[in-house]
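User: Please take a close look at the interface between the two chains. I want the cut-offs with it.

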Amino acid sequence: MPDLVSHVLIALIICELFSIKPKSLVILGAILPDITQKFYLVHLFIPTSDGPYWLLLPFHTPIGQILLSFIIIQLFRFDRKKAFIYLTIGWSSHIFADMFSRHFLLGQLLLFPLSWKSFEFGLMWFEQYYIILAVLIVIYLSTKMLKSHFPPVYFTGGLCKNKQQVENENKKSD
Amino acid sequence: MKPFMKSVLYNTILILAIISLCAYSYLSYNKYYPSITALKENPLFYDGRTVEFRSGDITKLNEEEKTLIYTSGKEELKISYDKRFSPRATNKGQTSILVNVNNGNFELADIHNHDNNYWKYIISVFCIVIFIYYFFKEWSLDEFRLIPKQSKSGGKNA
């Protein structure tokens, strides 16, 4: 599992690439699986059993996140369909990124509660988070630089248009 | 049905669904990924299986007997190991271990030290700062709901 900063960076890269606004909904989705499940880390300070980990585990599965997203979107006075999609982009990116971590047995329970089968690509151990973090910082800064040098492309009606073309068309229609 | 009652019913169903999932996970995990307590209570039930523990660390090591004590929270497990391994406690992190259950004995099958992993949690705190920055740049609280800031000045998103 990458650290939360990496998850936020992934969300920001997605927002930059697809010009998503408001970004905070995607970021919220990206940190949601960890801020809900990681309460079990209390065991670092107070010795507990495995119980809290497994009690909160559904919050780190797609089904748990779908249910939670349905609750969270009601807190926003915003297009609910869009809010749900943005949150889903966020938590999907989180779970997908976590699949790159390596564990002996237990990875991501993508099909929970139908199956307890674990899925992961297992590329690196989770203490090697700094490698992912460094790569993501480079990608994020490159994306920001590219966007400042090249105008964003808008996908409208199947045609690729740049910002100037879209603004000209809007002026004509006015 | 009134919209308020509809909303109450909708949220009750969602919360009950989440509670059910949590309860199912809590009550069933020992069948698939047993805890140290479950393993010690009924080792023969898990005989022949390989199990993983990753939230604890090695607290005692007896190099003469080739045994170690793995502690996770308040649970401890005595594990024997062979000459393939040279186990050690992790520096500022957890240790992942893979254990073979063999006739009620626990044998080390693999081990990995996640050195300096706790730094990750410290770094992660910064993410909360980034998140709060972005969140309150884009949203403001209006009575009981969050509204996009641009909508207050006549934006399209409200």
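Analyst: There is one salt bridge between chain A and chain B (a side-chain nitrogen of Lys or Arg within 4 Å of a carboxyl oxygen of Asp or Glu). Arg77(A) pairs with Asp142(B), with 3.9 Å between the closest N and O atoms. This is a predicted model: local features need pLDDT of at least 70, side-chain atom pairs count only at pLDDT 80 or more, and totals for chains, interfaces and linings use all residues. Residues are numbered from 1 along each chain as its sequence is written, chains are lettered from A and ligands numbered from 1 in the order written, and side-chain values use heavy atoms, without hydrogens and water.

The contact (heavy atoms within 4.5 Å) draws 57 residues from chain A and 62 residues from chain B. About 5400 Å² is buried between the chains, 69% of it from carbon and sulfur atoms; this is accessible area (1.4 Å probe) lost on being put together, summed over both parts. In chain A, Arg77(A), Phe104(A) and Trp116(A) lose the most area to chain B, together 16% of what that side buries.

Now one helix pair. H2(A) and H3(B), residues 118–138, have axes that come within 9 Å and cross at roughly 145°. Axes are lines fitted to C-alpha atoms over the stretch in contact, with angles from 0 to 180 degrees between N-to-C directions. Helices are DSSP runs (H or I, at least four residues), numbered from the N terminus. H2(A) contributes residues including Ile27(A), Leu28(A) and Ile31(A). From H3(B) come, among them, Phe131(B), Tyr134(B) and Phe135(B).

Note on methods
Buried area is the accessible area (1.4 Å probe) that two parts lose on being put together, summed over both. Helices (H or I, at least four residues) and strands (E, at least two) are DSSP runs, numbered from the N terminus.
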